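Here is a structure to read with a few questions in hand. Each answer sets a value against a definition.

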Amino acid sequence: MVHLSSLLLKNYHGGYVVIRFALAGHKQANRPFYRIVAAYNKRARDGKYLEQLGTYDPLPNIYNEKLVSFNFDRIKYWIGCGAHPTKPVAKLLGLAGFFPLHPMTITEAERQRAQTELMATEDVLEEQKEAEV
Amino acid sequence: MFQVIGGRSVQVSRLLAPRGAVLVEAVRGRKSRTDPVAKSKEGRIKVPPPVDPREMVVLKERYSEYQLITRALRLEFKEEVLRKKYEEETGSLAEERARQEAEEHHALMAINNQENLRMLQVRTLRVRQEKEDAERKQVEASLQREQQQQEFLKEKEKDILQLQEDVKNFITLENLDRRIEDALDNPKNYNFAVDKEGRVVKQTMLQ
C-alpha cells in the first residue's frame with residue numbers, strides 16, 4: 001500500500017514550520033481557547049496542523065489561574081527540526097522557564113511598575129493637596 | 001467596504017426587501033482602496049509610538065542576550081534530534097534488535113523447512129496410497145467388467161440352448177399338416193373358475 005499521508009501532505013516551496021496559537025472551538029462566541037500547534041507558515045490559523053504541542057486558556061478560572069500546558073519533548077523535536085515560535089508562544093515559554101525570559105515581558109513589567117508608581121505618587125500629591133485645603 | 005451576504009437565514013428577511021436588491025452588511029476592514037478618507041481624519045499624520053532611547057539601549061542588550069541563548073538552545077535541540085536519529089539507526093540497541101530479529105528469522109525459517117519436509121513425506125505417502133487405491137479399483141473394475149461379460153455370454157448361451165431345444169417343437173412346413181390334425185383332434189380347454197378364497201376349479205363344461 002502506498003503511504004497516502006505523504007502524498008496528501010502539501011509541499012510548500014520555501015515554507016517553514018511555526019509553533020503558534022490556533023483558536024480552538026471557534027464556533028463559540030466570547031470564549032476563546034488556544035491550542036499551541038506546530039503548523040506550516042502558510043496554513044490558515046485554525047487550519048490543518050502538523051502536531052498539537054499544548055494548550056492555553058486566556059480566561060482565568062475560579063482560582064484566578066490561567067492554565068497552560070506544553071509537550072516539551074515534542075517542542076524540543078520541532079525546534080530541533082527548525083521550527084520558529086511566535087512572539088506570544090515565546091513569551092509563554094519564557095514564563096514557563098523552558099526559554100529565557102522574553103525582553104518584552106521584562107520591559108512591559110517595568111513600564112507597568114513605573115505607571116503604578118506614577119499613579120501612587122499622583123494619589124499621594126492629591127491627598128496632600130486635599131489635606132492642605 | 002460592503003460585503004454581500006446570502007444564505008438560508010437571509011431568504012426569510014428578504015421577503016420585505018425590494019425585488020432585485022442585494023443584501024449587504026458592513027464588515028471590519030471596511031474601506032477599500034478607492035474609498036476617500038473620512039472627514040474627521042483628513043489632516044491626520046500617522047506617527048509610530050515614541051521610543052525611549054535609554055529603554056531602547058537596555059532592550060537591545062536584552063534582545064541580543066535572548067537571541068544568543070535561543071540560538072544556542074536551538075542548536076542543542078537540533079543536535080539532540082540528530083543524535084536520537086543516529087542512535088535509532090546505528091546505535092548499540094539497534095544492532096541488538098537487528099541481531100535478534102535475524103535470529104528469530106533463522107529460527108522461523110528452520111521451523112518452516114521442517115514443516116515442509118514433514119508435509120512432503122506425508123504428502124508422498126498419501127499420493128502413493130491414493131495411486132495404489134486407484135490401481136486396485138481399476139483392476140477390480142476390469143475384473144467386474146469381465147465377470148459381467150462372462151455372465152452375459154452364459155445367459156446368451158443358455159438362451160441359445162433353450163432355443164435349440166425349442167426348435168424340436170417348432171411347427172415347420174412338413175409338420176404343418178400333422179400338427180393341425182393333432183390340434184383339431186385334441187381340443188384344449190383353457191377355462192377355469194376361481195373362488196374368492198382362491199380355490200381353482202379346472203373342471204368345466206367340455207365343448
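This is a predicted model: local features need pLDDT of at least 70, side-chain atom pairs count only at pLDDT 80 or more; totals for chains, interfaces and linings use all residues.

Residues are numbered from 1 along each chain as its sequence is written, chains are lettered from A and ligands numbered from 1 in the order in which they are written, and side-chain values use heavy atoms, with hydrogens and water left out.

Q: Why are α2(B) and α3(B) called roughly parallel?
A: Helix α2 (residues 53-90) of chain B and helix α3 (residues 92-167) of chain B pack at about 25 degrees, with axes 5 Å apart. Angles under 35 degrees count as roughly parallel, and over 145 as roughly antiparallel. So α2(B) is roughly parallel to α3(B). Angles run from 0 to 180 degrees between N-to-C directions, and axes are lines fitted to C-alpha atoms, for helices over the stretch in contact.

Q: What makes α4(A) and α2(B) roughly antiparallel?
A: The axes of helix α4 (residues 103-132) of chain A and α2(B) cross at roughly 150 degrees and come within 9 Å. Therefore α4(A) and α2(B) are roughly antiparallel to each other.

Q: Which residues of α4(A) and α2(B) meet?
A: Contact means heavy atoms within 4.5 Å. On the α4(A) side, Met104(A), Ile106(A) and Arg111(A) are among them; on the α2(B) side, they include Leu59(B), Arg62(B) and Tyr66(B). By class, this contact has 6 nonpolar, 1 polar and 4 charged residues.

Q: How do you know how much area chain B and chain A bury?
A: Buried area is the accessible area (1.4 Å probe) that two parts lose on being put together, summed over both. For chain B and chain A that is about 1600 Å², 65% of it on carbon and sulfur atoms. In chain B, Arg62(B), Tyr66(B) and Arg74(B) lose the most area to chain A, together 39% of what that side buries. The contact takes 14 residues from chain B and 21 residues from chain A.

Q: Why do β4 and β5 of chain A stand at the edges?
A: The open sheet of 5 strands has the order β4-β3-β2-β1-β5 (chain A), with mixed pairing. β4 (68-70) and β5 (84-85) of chain A each have a single partner strand, so one side of each is left without a neighbour in the sheet.

Q: What makes β3(A) and β4(A) a pair?
A: Two strands pair if DSSP finds at least two bridges between them. Strand β3 (residues 51-56) of chain A and β4(A) have 3 bridges, in the antiparallel sense. Phe70(A) in β4(A) is the bridge partner of Gly54(A).

Notes:
Helices (H or I, at least four residues) and strands (E, at least two) are DSSP runs, numbered from the N terminus. Angles under 35 degrees count as roughly parallel, over 145 as roughly antiparallel, 65 to 115 as roughly perpendicular and the rest as oblique. Ala, Val, Leu, Ile, Met, Phe, Trp, Tyr, Cys and Pro count as nonpolar, Asp, Glu, Lys and Arg as charged, and the others, Gly among them, as polar.
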